[in-house]
Amino acid sequence: MIKELIIQNWANVLVLVAFAILLRTTVFLDKRTVLRMYALILGLFIFSLIVYLEFSLQEIGGFNNIRMVIMAIRYSTTPLVIALIIYTLAKDVHWAVFIPAVILTVLDIISIFTGIIFSLEADGTLKRGLLGYLPYIMVGGYSFLLVYLMIKRSNKRSTEIFPVIFLCFAFASGLILPFILGKDYSKIFCVTITIALFVYYVFLILQLTEKDALTGLLNRQSFYAAVSNDAKDLNAVVTIDMNGLKAINDLEGHAAGDIALKTLAGCFMKASTVKDSVYRLGGDEFVIVCRKVSEEDVQKLVKSIKDTVSETKYHCAIGYSFCESGSRDVDEMLKESDEMMYKDKMDYYSQPGNKKYRE
């Protein structure tokens with residue numbers, strides 16, 4: 001039995017150990033995220049043991065009451081694991097994301113006595129109850145939410161979208177393959193999710209070299225690479241500078257200044273589209289590079305940024321430069337955009353109530 005346990009879970013254990021080692025040696029993630037990752041690793045390992053125990057009891061025969069309890073745990077663990085993945089990877093998600101999974105757990109426990117989700121015939125055959133497909137619906141809903149949040153909070157570049165698609169494919173297999181492979185898919189579910197998470201984590205580490213540590217936006221090096229190596233379709237730039245950052249740092253402290261920058265970065269990401277790449281060049285300087293857009297698109301982007309920022313207590317100055325053909329020198333476009341931005345900044349500081357915040 002121990003030998004079969006090792007054989008069936010060996011690949012899963014190897015990947016989980018590699019995952020744990022990588023987490024231990026990385027310095028890019030905050031402590032809370034790392035702890036959640038460790039919880040995920042532990043959860044997936046326990047889940048693999050539960051699956052093995054269930055199928056071992058099925059092969060032995062009998063033990064239906066114990067199998068019912070184990071099945072309730074297995075059906076409950078899958079959405080709980082995905083909810084934990086969402087809670088770990090998609091930052092600032094409220095703990096309420098676990099509520100649907102907890103409700104399913106309660107229903108699974110009730111099903112042990114009522115068969116409302118599943119039950120076992122006398123010969124050990126699985127029988128679905130009135131809510132028999134609810135666990136699959138729950139997993140599908142969580143998987144959709146995960147992909148939606150990851151894409152929404154990404155910089156909408158192919159290097160970030162492809163890993164999310166890969167993760168989506170892995171979770172989608174958990175909805176489709178059980179109906180193709182039957183109950184045997186449960187034996188490979190854990191290693192499927194483990195490998196998917198490990199690969200995504202490797203992608204995440206690679207992406208962090210391109211990102212600003214504070215805001216999560218693309219960094220200065222990424223900007224230089226974009227305008228020098230991939231400038232063919234670039235036909236607009238938007239430059240943004242925060243108003244009053246120095247005053248916030250001096251009066252409220254640098255932690256408050258960091259919160260302001262992260263808040264504005266979130267506003268810029270919310271306002272941007274798939275055609276836009278948002279960069280933080282340093283300090284309170286931001287640039288949005290736009291590709292294959294019209295001037296009307298750029299003006300809509302600027303308005304959307306202003307509307308989104310107006311919902312906060314912060315302010316910023318914005319300028320833009322557009323060229324129809326995309327053949328203008330980027331430095332010239334940045335200079336033109338900066339001139340518009342500085343005019344906007346001077347207009348802001350010229351107002352009586354804002355003079356005291358002038359940097």
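At what angle do helix H4 and helix H5 pack, and how far apart are their axes? I began with this pair and noted that the model is a predicted one, in which local features need pLDDT of at least 70, side-chain atom pairs count only at pLDDT 80 or more, and totals for chains, interfaces and linings use all residues. Residues are numbered from 1 along each chain as its sequence is written, and side-chain values use heavy atoms, without hydrogens and water.

**Entry 1: the helix pair.** I found that H4 (residues 99-114) and H5 (residues 134-152) pack at about 170°, with axes 11 Å apart. Helices (H or I, at least four residues) and strands (E, at least two) are DSSP runs, numbered from the N terminus. Axes are lines fitted to C-alpha atoms, for helices over the stretch in contact, and angles run from 0 to 180 degrees between N-to-C directions. H4 and H5 are therefore roughly antiparallel, a term for angles over 145 degrees. I then listed residues in contact (heavy atoms within 4.5 Å): Leu104 and Leu107 are among those of H4, and Met138 and Tyr142 among those of H5.

**Entry 2: the sheet.** I traced 4 strands in an open antiparallel sheet, ordered S4-S5-S3-S6; strands pair if DSSP finds at least two bridges between them. S4 (276-282) and S6 (315-322) are the edge strands, each with a single partner, so one side of each lacks a neighbour in the sheet. S3 (residues 234-243) and S5 (residues 285-291) share 7 bridges, and Ile240 has Phe286 in S5 as its bridge partner.

**Entry 3: a helix on the sheet.** I saw that H10 (residues 254-271) lies across S3, S4, S5 and S6, at about 150° to S3.

Methods:
Angles under 35 degrees count as roughly parallel, over 145 as roughly antiparallel, 65 to 115 as roughly perpendicular and the rest as oblique.
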